[in-house]
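Notebook open, structure up on the screen. I jot down what I look up, one entry at a time.

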Amino acid sequence: MTLHLKDITVTLGRGASRTTALEGLTASFRQGDLTALVGPSGSGKSTLLAVAGALLRPDRGQALLNDTDLAALTDRERAHARRTRIGYVFQSGNLLTGLTTEEQLLAAASLAGHRPRTLRGQARELLAEVGLDHRLRHRPDQLSGGERQRVALARALLGRPELLLVDEPTAAVDRTRADDLIRLIARTTHEHGCVTLVATHDPVVVEAADTTLDMLDHAPAATG
Ligand SMILES: Nc1ncnc2c1ncn2[C@@H]1O[C@H](COP(=O)(O)OP(=O)(O)OP(=O)(O)O)[C@@H](O)[C@H]1O
């Protein structure tokens, strides 16, 4: 499993706010590697995650997840790829209000076409792996920010994603939790053999990563 981004250009906004967020970006990412996406604020890290995650269609270029060009899929096909092949751990955790920790995982599995009952054991194992086996019945508003991110990580891993996308995993948690979380992401990347991209400003994340992609090396021409 590999992800190849080829000649990706993305422009965002209209009129006066029109901005070239990525211009002709080409990069490859290997299975089992955690890549840190680094670069100053506004350099396009989140935009790259959105293109790789089939959330945003680039103006130009290909996003090849193995043989599938995510940029060329129909909306329906992209939604299917998102549910079945890609795991997301974004800052807010993106959890569903009103569902317990365990239900967050089982609902996602159900949307991806699995029978939740068959995955309950696996869901509990993953929640134990991220240190949340004592929070199975908590709802998002009863969890801390770091706990919500760990639920999102367990939920992403339950789908056995080929691609794991993580935005600023250590921004909202204390140093110890941050270190634990990034170690967990690195370990699961190696064990589960997914392609993992982590957008970050945190040197500890860069240290834990197998490779680094510096967005400044791919920066659009200054005009924006
Ligand atoms: N909807 C939008 N309309 C216009 N420009 C946008 C829009 N969203 C983002 N941008 C611009 O696109 C560029 C890339 O933004 P992006 O969020 O990808 O950067 P980033 O590296 O993730 O930043 P940060 O580290 O602050 O999260 C920035 O210059 C930003 O101002």
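**Helix 5**

I started with helix 5, where 13 of the 14 residues are buried, so the helix is largely enclosed by the rest of the structure. Buried here means that 20 or more other C-beta atoms lie within 10 Å of the residue's own; 12 or fewer makes it exposed, anything in between partly exposed, and the C-beta atoms are placed from the backbone. Helices (H or I, at least four residues) and strands (E, at least two) are DSSP runs, numbered from the N terminus.

I then checked the length of helix 5. At 1.5 Å a residue its 14 residues should span 20 Å, and the end C-alpha atoms are 20 Å apart, which agrees. The expected span is 1.5 Å times one less than the number of residues.

**Ground rules**

I note that this is a predicted model: local features need pLDDT of at least 70, side-chain atom pairs count only at pLDDT 80 or more, and totals for chains, interfaces and linings use all residues. Residues are numbered from 1 along each chain as its sequence is written.

Is G159 buried or exposed? I find it buried, with 21 C-beta neighbours inside 10 Å. G159 sits in the loop between helix 5 and strand 7. Leaving out residues up to four places away in sequence, G159 touches T84, G87, A108, A109 and A112. A contact is two C-beta atoms, placed from the backbone, within 7 Å. I also looked at G159 and A123: they are 36 residues apart along the chain, and their C-alpha atoms are separated by 9.8 Å.

R160 is in the loop between helix 5 and strand 7 too. R160 has a positive phi of about 50° although it is not a glycine. I count R160 as partly exposed, because it has 14 other C-beta atoms within 10 Å.

**N66**

Here is another non-glycine with a positive phi: for N66 the value is near 50°. I located N66 in the loop between strand 4 (60-65) and strand 5 (68-69). With 13 C-beta neighbours inside 10 Å, N66 counts as partly exposed.

**Helix 6**

Next I took helix 6 (residues 175-192). Its 18 residues should span 26 Å at 1.5 Å a residue, and its end C-alpha atoms are 25 Å apart, which agrees.

Which residues of helix 6 are buried? I list L181, I182, I185, T188 and T189. They cover an arc of only 130° around the axis, which puts them on the same side of helix 6. The arc is that of the directions from the helix axis to the C-beta atoms. An α-helix has 3.6 residues a turn, so residues three or four places apart point the same way.

On the other side of helix 6, I see R175, T176, R183 and E191 exposed. The cover over the buried residues of helix 6 includes strand 3 (34-38), helix 5 (145-158), strand 7 (163-167), strand 8 (195-199) and helix 7 (203-208). Just past the end of helix 6, G193 has a positive phi of about 65°.

**Around the ligand**

Which residues come nearest to the ligand? Of the 14 around it, I get G13, S41, K45, S46 and T47. Near means that a residue's C-beta atom, placed from the backbone, lies within 6 Å.

Helix 1 gives the most to this shell, with 3 residues. Strand 2 (19-30) and helix 1 (45-52) each supply at least two. By class I have 3 nonpolar, 10 polar and 1 charged residues in the shell. Ala, Val, Leu, Ile, Met, Phe, Trp, Tyr, Cys and Pro count as nonpolar, Asp, Glu, Lys and Arg as charged, and the others, Gly among them, as polar.

**L216**

L216 lies in the segment after strand 9 (211-214). I call L216 exposed, because it has 10 other C-beta atoms within 10 Å. Apart from residues up to four places away in sequence, L216 touches G39 and S43. L216 and G53 are 163 residues apart along the chain, with 21 Å between their C-alpha atoms.

**Whole protein**

Last, the overall numbers. I count 7 helices and 9 strands. The radius of gyration is 17 Å, close to the 17 Å that the globule rule gives for 224 residues, so the protein is as compact as a globular protein of that length. That radius is taken over C-alpha atoms, and the rule is 2.2 Å times the number of residues to the power 0.38.

Along its principal axes the C-alpha trace spans about 50 × 40 × 35 Å. Buried residues make up 43% of the 224. Of the contacts with a separation of 6 or more, 71% are between residues 24 or more positions apart.
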